[in-house]
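Welcome to this short briefing on one protein chain.

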Amino acid sequence: MSAIESVLQERRIFPPSAKASAGAAISGMDAYKALTSEAERDYEGFWARLARETLSWHKPFETVLDESNPPFYKWFEDGEINASYNCIDRHVEAGNGAKNAIIFEADDGTVVNVTYQDLLQRVCRFANALKKRGVKKGDRVVIYMPMSIEGVVAMQACARIGATHSVVFGGFSSKSLNERLVDVGAVALITADEQMRGGKALPLKSIADEAIAAGGCEAVKSVIVYKRTGGKTQWHEGRDLWMHELVEHEAAQGADSCEPEWVSAEHPLFILYTSGSTGKPKGVQHSTGGFLLWAAQTMKWTFDAKPDDVFWCTADIGWITGHSYIAYGPTAIGATQVVFEGVPTYPHAGRFWDMIAKHKVTIFYTAPTAIRSLIKAAEADAKIHPKSFDLSSLRILGTVGEPINPEAWMWYHENVGGGVCPIVDTWWQTETGGHMITPLPGATPLVPGSCTLPLPGIMAAVVDETGQDVPNGQGGILVIKRPWPSALRTVWGDPGRYKKSYFPEELGGALYLAGDGAVRDKETGYFTIMGRIDDVLNVSGHRLGTMEIESALVSNPIVAEAAVVGRPDDTTGEAVVAFVVLKRSRPEGEEGKRIANELRAWVAKEIGPIAKPKDIRFGDNLPKTRSGKIMRRLLRSLAKGEAITQDVSTLENPAILDQLGEVR
């Protein structure tokens, strides 16, 4: 039975406990239904109420939703706002400046606490330094940093002065960084000398130097470097500056305040690149007001966050989860959060549980990949099993990035949550800005493996290839029927790609295409996500375009052709499988293993380690029809180890399938 089939047949139901429901932001299904009814009755009024109640506006908005140029929707456009003010200043002004904003734990276990007053000072000083380097409203700044207080400060400082940031995950290669620097037209790059992960120092500044040297980055006038390790770096006088020296200069000048740049709610807060089904990554552009509204609102609804909670999202700021649920969501509601530099397995695989106990974490949000990898370690060693740690502070658990299979859900529920913590299995995307379909801890009866129901105001549906609704119990394409405030506004510099990718004419041009398949339960209407419908892989919650990996492989001088597919993987959810044709004879034995390892290293250099193929299979050619089309469905079957039962009579060379079954 597949993971999807097991979810669809899942009948274990966990109603919310009286404790979870008591005082919850949304308590009970009647409260949930009342909110969904409000949204259906008066859609614009519903969102306007939330925006006025949740955010602080410098100039109140009059227009709620502008649908005059679909699908380029605008929300609260005539209102003026600043994200940094909403995330920091207003909490200090309300008398909460002494409250911890961030509990930072470094890779080596060192802990630093940062209050909201401290955070305000750090952000203002750095914002002033950026302005003195000529960075202004509307400029784009790329951030290529480790998980750190400084990373959050950099994002907030950009928001404060109206600069649009684009964070690039610190595991990406110089080529990937260069592509993003060029595409976004960055005027500055903020990076670090090195980052620490699992006791190892990994270079960032040298990769940044390579990226700029690759060309097309003439607009980059400043490279600002956070000194994380003091490791040796090359220095370009006049361009490179130490972050701490810039900040110390502002402190010496007494420049501890920086007036927020008030911007339209539609002003681009950030551009975040995500893999597409074609080779070039897409620059997903998010607005200030709509994004911030949903990041804050979902903190209250999905996580039921209270003033005394300690929230911990284990994501990286290089991904959307780190934007919505580290840099902006928790700070927008004045929460205390843990920010972690390291990895869950160092110095041992009980690191997460040890940190939850140490910091008295109450809300824990992580990826199914992490859970699955820690299950193996915990069951093999009682000393690092969650039950060996005091996790009694926990009240809510969450998962993000990919569907969680029911048995991993049960292990998480019983061993981490003690059988009493609700699990919010959240479905959303880089493009949606925040949670879309998720259980509510005080309202929704939970079913392992199902993300359950849409949040109030989110009009999700399952349709066929023509955009028509399909009956519950029948699989189809997941869509959103109405615009919502935190949706992406466009693909940076490519509005045509935005329309084609997300509002295709095949579905009528008005439905947001999520790119995932889904099915709704016949009885409950609960949603279950069935995986991507396009050529995008989901590896450890990270989206990778197959075309992107294929392009990287073919750029190697010894590779003639490559096709990449995914296969299910117990740890990463999906694994990359590459079928490769070399410009020479097919390698075998030890030589084949050596070349496979060289190609893995090549992909890591071209894209990043996360994209390395787990399996590489060599063939004299690829399975193609006589018209030259690669039969990817056959490759997917081979990758999964399934017997080929399909008709292969249309193949030019059916015998190649036996050859491609060999794993390297």
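Helices (H or I, at least four residues) and strands (E, at least two) are DSSP runs, numbered from the N terminus. This is a predicted model, in which local features need pLDDT of at least 70, side-chain atom pairs count only at pLDDT 80 or more, and totals for chains, interfaces and linings use all residues. Residues are numbered from 1 along each chain as its sequence is written, and side-chain values use heavy atoms, with hydrogens and water left out.

**Helix H6**

- H6 covers residues 116-132, and its end C-alpha atoms are 24 Å apart.
- Just after H6 comes Gly-134, with a positive phi of about 90°.

**Backbone details**

- Most residues other than glycine have a negative phi, and most peptide bonds are trans.
- Phe-76 is not a glycine, yet has a positive phi of about 55°; this residue sits in the loop between S2 and strand S3 (80-81).
- Phe-76 counts as buried because its relative accessibility is 0%.
- Asp-304, also other than glycine, has a positive phi near 50°, and lies in the loop between helix H11 (289-301) and strand S16 (310-313).
- Asp-304 counts as buried because its relative accessibility is 4%.
- Pro-70 and Pro-71 are joined by a cis peptide bond, with omega about 0°; Pro-71 is in the loop between strand S1 (65-66) and strand S2 (74-75).
- Another cis bond runs from Tyr-346 to Pro-347, with omega near 0°, and Pro-347 belongs to the loop between strand S17 (336-340) and helix H13 (351-359).

**The second largest pocket**

- On a 1 Å grid over the protein atoms alone, a pocket is an open set of points where a 1.4 Å probe fits, with protein on both sides within 12 Å along at least five of seven lines; lining residues have an atom within 4 Å of a point.
- The second largest pocket holds about 370 Å³ of space.
- Its lining has 23 residues, and Lys-19, Leu-394, Arg-395, Val-420 and Cys-421 lie nearest the centre.
- Helix H2 (18-21) and helix H15 (406-416) each give at least two residues to this lining.

Technical notes
The expected span of a helix is 1.5 Å times one less than its number of residues. Buried means under 20% relative accessible area, exposed over 50%, partly exposed in between (1.4 Å probe, protein chains only). Grid points are joined across faces, edges and corners, and a volume is the space filled by probe spheres set on the points.
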